[in-house]
Amino acid sequence: MATASAKAASTKAATTDTRRRLLVEPDITGPRVRMGVLWFLLAMAAVTSGRMWISLLLGAVSALAGYQITKAWGPRGVNARRGPSAQGARTPSKSMPVSLPASLA
């Protein structure tokens, strides 16, 4: 009986070790957490302030994302221009029909 309980204990310990290796412990310090909190606060403020503010926030974020993408792909030999990607987020396309809601017109 002592061997069966020792074998069961070692099996349980091995299962616990496997679970610990599979679980990810989040890092709650650092710039990613601060950026997430800042993004949440900005998004909540924009959503509660109205359509114009959320569209301005999302437009600014998409312009920044376009700039970062062209900056990242530039050294790899991809012929990307930084100006049009940031400008495309600021202005609507001429081929895209745009209609403003009555509250913004």
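1. In which helix is the place of valine 33? In this predicted model, valine 33 belongs to helix α2, which covers residues 31–49. With a relative accessible area of 32%, valine 33 is partly exposed, because that class takes in values between the 20% limit for buried and the 50% limit for exposed residues.

2. An α-helix has 3.6 residues a turn, so residues three or four places apart point the same way.

3. Helix α3 runs over residues 51–73, and its 23 residues reach 33 Å from the first C-alpha to the last, a span close to the 33 Å expected at 1.5 Å a residue. The residues of α3 that are buried are Leu57, Gly59, Ala63, Gly66 and Thr70.

4. Threonine 70, which lies in helix α3, counts as buried because its relative accessibility is 9%, and the cut-off for that class is under 20%. Its side chain reaches the backbone oxygen of tyrosine 67 at 2.9 Å.

5. Isoleucine 54 is likewise found in helix α3, but with a relative accessible area of 22% this residue is partly exposed. Once neighbours within four places in sequence are left aside, isoleucine 54 is in contact with Ala43, Ala46 and Val47. For one of these pairs, isoleucine 54 and alanine 43, the separation is 11 residues in sequence and 7.2 Å in space, taken from C-alpha to C-alpha.

Terms used:
Residues numbered from 1 in each chain as written. Predicted model: local features only at pLDDT ≥ 70, side-chain atom pairs only at ≥ 80, totals over all residues. Heavy atoms only, no water. Helix = DSSP H or I, 4+ residues; strand = E, 2+ residues; numbered from the N terminus. Buried < 20%, exposed > 50% of the residue type's maximum accessible area, 1.4 Å probe, protein only. Expected span 1.5 Å × (residues − 1). Polar contact = N/O pair within 3.5 Å; in protein donor to acceptor, adjacent residues only side chain to side chain. Contact = heavy atoms within 4.5 Å.
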